[in-house]
Structure formats: C-alpha cells, structure tokens
Amino acid sequence: MDEQTIEVRRDIDVILARNVGRKMANEIGFGELDQTRITTAISELARNIVIHANRGKVVIREIQKGDRRGIEVVCTDDGPGIEDIEAALRDGYTTAGGLGIGMTGAKRLMDEFHVESVVGVGTTVIVKKWLR
Amino acid sequence: MAGEKRVAEELVTLFEESEKELMDLWVRKVNQLRVMKGLSPEERDREFKNIYRASLKAFRDGDYSEVERYANKIAKRGALEGISVDEILLSFLKLRDVRMRKIFIRYQGDLPRLLDALDYFEKVSNRMFSIVVSAIIREREEIIQEQQCAMLELSTPVLQLWDEALVLPLIGVIDSERAARIVEELLGKIVETGASVVVMDMTGVPVIDTAVANHILKTVQAAKLLGAETIITGISPANAQTIVTLGIDLSMIHTRRTLREGIKLMYEMLGLEFKKRGEQ
Amino acid sequence: MKIPILKMEDILIVTIQSELTDREIEELSHDILDMINKVGAEGLIIDITALKVVDSFMARSLNAIANAATLLGSETVVVGIQPAVALTLVELGLRISWGVKTALNLEKGLEILRKKKDK
Ligand SMILES: Nc1ncnc2c1ncn2[C@@H]1O[C@H](COP(=O)(O)OP(=O)(O)O)[C@@H](O)[C@H]1O
Ligand SMILES: [Mg+2]
C-alpha cells in the first residue's frame, strides 16, 4: 500500500504535504469534500510542526481495516513538546498567537485523532479518516 | 373557511388548466430519477394520470378517499413487484415539487395570495404524503425494517423560487448521514443558482438529534460564507429544545414559526435588496 | 510570484490564483494595504475561487488583511469560497474568529460594496 513521507521545515513544505495528501486521498477514493477536510487537517498539523517545533515530518499512507479503506497521517517532530495537552485540545488555545483551532479542528475534520507529546522530546499526532 | 374554499378552487383550476404541462414535467422528472423502470410507459402514464386526478379531489373538497384507494393500490403493487419505497415516495414528491413550482410562478407578484395558496397546498400535500407513507408502512410491516434506510434517504428537493431564493422543505426522519448529504447538496445549489436567501423548512421533520442539529447549524454558517442567509422555519418545540441544548448562539440564525412567515421574511430580505438596487 | 492588484474605480480587486506560502501572504497583505493607502480605495475584494484549501493560518491572514483594510477606510469582501472549503472552515471551527464579509462571486462582492457606497 502506498505511503509517502514529507520532510517539513518551512512553510512551503506545508503546501507540499497537503498536495501529497490531496492526491492520495483522491486516489483512495475520497470525494471532494473529504479531500478538502483531509487536506486542511494536514495543513494544520504540518504547520504546527513549522511554527511550534521547527522541523519534523509528515507520513501519509493508505490504511485498511477489514474491508474499510482509509487514510492515515502521522506528524512527528522532536520539538519542545506540548506542556498542557488538555489545554492544547481546547478551541482557541494558542501559545503562538494563532487561532488555536488547528488541533481541535483537525480532530473534528478527521474520524480518529491521537496525540502523544513529551516535553523536551517531541510530539506525534496521528489522524485517520475512513472511506464511507 | 370561506377563504380556504376560494384558495382550494383556485388551486384546483390551476392544476386542471396546467395538467398537461405538469404531467409532462412530472413524468420527465421521474424519468430523470431513473425510478419506476418496472412499469411500461403506457402503464406509468395511466397510473400517474390517475394519481394526479385523485389528488385533485383532495384539493377540491378535502376528500382523500380516492388518494387513499390509490395509495393502497400502489403500496400493494409496489410490494408485489419490488418497486422500492423510495421510488414510490420520490415519484410522489416530484409531483409535489412541480406543483409547488407552478404555484410560485402563478402567484409570484402577489405575496398574500401566494402565502394563502402555499398554506393550503402544504396542508393537503402533507396529508396526502402521510397517507401514502402509512399505506406503504401497512403493506410492508415486515420488510420495512430493512427498507427503512431507503425510505429515510429520500432525496430532498431544493426548490428555486426566484433567481436568488431557495426553499428546502425537509421531510421525514433525518439521520446524520442524510443531513450530511443535504448540506452538500444545498451548498452546491447555492453556488449553482447564486442564491442569497435559503429557507429551510423543518415542519416535516418530527425529531432531530444533536448531531443533526449540528449539521443544520453548520449549513447555516457555511451558506453564510458563500454569501447566503438562511431562514429556518417550522422548528418543533422538541427540536427547539435540542438546538438550545447545543448551546448554539441563535442570534445568527433567522427563524420563523411557519414556512409562510419564512417566505415572507425572505421576500422582505430580497425586496429590500431590490428596492435598493432600484434606487441606484 | 507577485500577485497583481487590480483597481476598478475606487475598488481594489485581488485574485489569488494559487496556493500561497506564508511569505507570499505577508507580502500580499503588505502590498494591498500600501495600495489602499496610495489610491484611497473604498473597497477591497479578495477573490479566493482558486483556493482548494483554506486553513486557519490563511483564514487568520485574510481576517487580518480585512481588519487592517477597514481601518484604512476600505471595506473588504472575500469572494469565491468553494462550498467544500466553506463547510471545512466551519468544521474547523472558524466562526470563533471570522469577521469578514463574504459573497459568492466577484459580481456579488461588487454589488455589496456599491450598495454600501450608495447609502
Ligand atoms: N507540534 C507541536 N509542538 C509543540 N507544541 C504544539 C505542537 N502542535 C501544537 N502545539 C501547541 O498546541 C497549541 C494549539 O495548537 P493549535 O490548535 O494548532 O493552535 P495554534 O497553532 O493556532 O496555536 C499551540 O499553540 C502549541 O502550544
Ligand atoms: Mg496550529
């Protein structure tokens, strides 16, 4: 099954990541609206890497569970980590003057959302969406 | 009510005069849906004409016996010949659509009469719709469980009244999935028609859960991003409760109790715009 | 790539034709405000028909441009949001911080600004 890795360092990589994401979502068979949701979630998470962690990577792959197909996006960085995850998962919470809806928004746009973060070690966010 | 009598007569005359036009349109719409393929064209034309005329009786003097007779017949045949529930209901709704459109065209310049006509039309149409649905349910008590999904997935007609106005009469049980589809359809339609006001009528929706209420709210907001205002009408007390529980800021939503009042508000919104444009 | 800013009577029209990097957005924002100041534009239309993704960063930037433009006396309308983008923005949670006027397309956007002016 298909898998692609995008190294994320600068804002232009965010555009790259979402273009790869859209293409893959399209190939898996997601419709226009879901493609937009997936691409937007990728954009939020990739941008968080650029803004909050400086550098990291985004891995996008096709997934399968039984006869369900879907897409998984794994965003990893070895940045500063998130001190207060609970707060970070609240609408409007930001430590960098953003809108503070990137994490919560990505969660709403996707079917599954998972975050792991250790201060001083880094952050991993995994999101999935299933084909209906 | 004397007024209602007059409206009834006007509507019957309108439907009688335009029988050929509306029948043609109706058949064409049903064909587009690619349903009712089980019937031969002659058979279908005959059945449709019968239904058309039976319903006129209901409009004329509130006599639904003919409608009931046909509803039972169709339900029975449908069950026998494997015509699906949504095929029957969709076809039936299409008749409602073509007639509603005709009413809008007929009374376009005359708001009070349009509203009276709509009131009466809604009342009779809803009653007929529920007769058909009950007939089908009776007929298919056992298999209904499996088919419930199909019935709930009735396509929702988005009616275009004027260049800038859409009406979306929601009917039946709305689950999350159907709600999601309605949202997409409506937004597409707004773009397609350039509508600036949408009336979403929920009179025909008995209950919604919070997920559906959420979908509706999202629609309102997304429509706004496309430049269209949404008016919601016919929210039942139970549904109002659900919406309130969501803690939604209702100030951003225009609501009216009935479709009639909603259309009036829409008229006002558009009317204001027209006036302003005229002032230039 | 420099994004052209069109002037039509006293309205500025900016058509975003491709995905923008953050730097490009910043530059654009700067150029627009500069231009408003120079020509004393009374209205600004930003056409994002071509954008297939608008994330919270882009939304915030548009918001910021609109706010600044308003401060300079130029009412702003964002036009051409695609239906899928609109719905996604709502699901993202945009309403919390979106104060920009929107219209379906360029014509409708112009209509809004003209109407405003006639008042
Ligand atoms: N990859 C990350 N590394 C470190 N901190 C992060 C990361 N992603 C998110 N955060 C923290 O979570 C907060 C909320 O993120 P988000 O919802 O995307 O809002 P915003 O990016 O607008 O601040 C951020 O302000 C930041 O403190
Ligand atoms: Mg963010």
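Colleague: How many contacts beyond four places in sequence does the model have for residues 273-280 of chain B?

Modeller: Start with pLDDT, the predictor's confidence in each residue, from 0 to 100. Over residues 273-280 of chain B the pLDDT stays under 50, and the model has 8 contacts there beyond four places in sequence. A contact means heavy atoms within 4.5 Å. This is a predicted model, in which local features need pLDDT of at least 70 and side-chain atom pairs count only at pLDDT 80 or more, while totals for chains, interfaces and linings use all residues. Residues are numbered from 1 along each chain as its sequence is written, chains are lettered from A and ligands numbered from 1 in the order in which they are written, and side-chain values use heavy atoms, with hydrogens and water left out.

Colleague: Which elements of chain B have the lowest and the highest mean pLDDT?

Modeller: The elements are helices (H or I, at least four residues) and strands (E, at least two), taken as DSSP runs and numbered from the N terminus. In chain B the lowest mean pLDDT, 47, belongs to helix H7 (residues 144-152), and the highest, 93, to strand S4 (residues 229-233). Residues 144-153 of chain B have pLDDT below 50, and this stretch has 11 contacts in the model beyond near neighbours in sequence. Chain B as a whole averages 81, with 85% of the residues scoring at least 70. For chain C the mean is 91, and 97% of its residues reach 70 or more. The complex receives from the predictor an ipTM of 0.93 and a pTM of 0.74.

Colleague: Into which domains is chain B divided?

Modeller: Domain bounds come from an automatic or database domain assignment. In chain B they give domain 1 (2-149) and domain 2 (159-269). In the contact between them, domain 1 of chain B takes part with 16 residues and domain 2 of chain B with 11 residues. Taken over C-alpha atoms, the centres of these two domains are separated by 24 Å.

Colleague: What is the area buried between domain 1 of chain B and domain 2 of chain B?

Modeller: The size of an interface is often given as the accessible area lost when the parts come together. The loss is computed with a 1.4 Å probe and summed over both parts. For the two domains of chain B it is about 1300 Å², with 72% given by carbon and sulfur atoms.

Colleague: Which side chains of chain B meet in a salt bridge?

Modeller: Side chains of opposite charge can pair when their charged atoms come close. The rule for a salt bridge asks for a side-chain nitrogen of Lys or Arg within 4 Å of a carboxyl oxygen of Asp or Glu. Arg260(B) and Asp116(B) form such a pair, at 3.2 Å from N to O. Between the two domains of chain B the count is 2 salt bridges. On the domain 1 side, helix H5 (85-106) and helix H6 (111-139) of chain B each supply at least two residues. H6(B) gives the most to that side, with 8 residues.

Colleague: How many residues of chain C are in contact with chain A?

Modeller: There are 22 from chain C, in contact with 23 residues of chain A. The buried area between the two chains is about 2100 Å², of which carbon and sulfur atoms give 59%. Val53(C), Glu91(C) and Leu92(C) supply 25% of what chain C buries against chain A, more than any other three residues. The salt bridges between these chains number 5; Glu19(C) and Arg18(A) meet in a salt bridge at 2.8 Å, N to O. Helices H1 (22-39), H2 (56-71) and H3 (83-92) of chain C each give two or more residues to the side touching chain A, and the largest share, 6 residues, comes from H3(C).

Colleague: Which parts does the pair Glu3(A) and Arg61(A) tie together?

Modeller: These two side chains meet in a salt bridge of 2.8 Å, N to O. Glu3(A) lies in strand S1 (residues 3-8) and Arg61(A) in strand S2 (residues 56-65) of chain A, so the pair ties together parts 58 residues apart in sequence.
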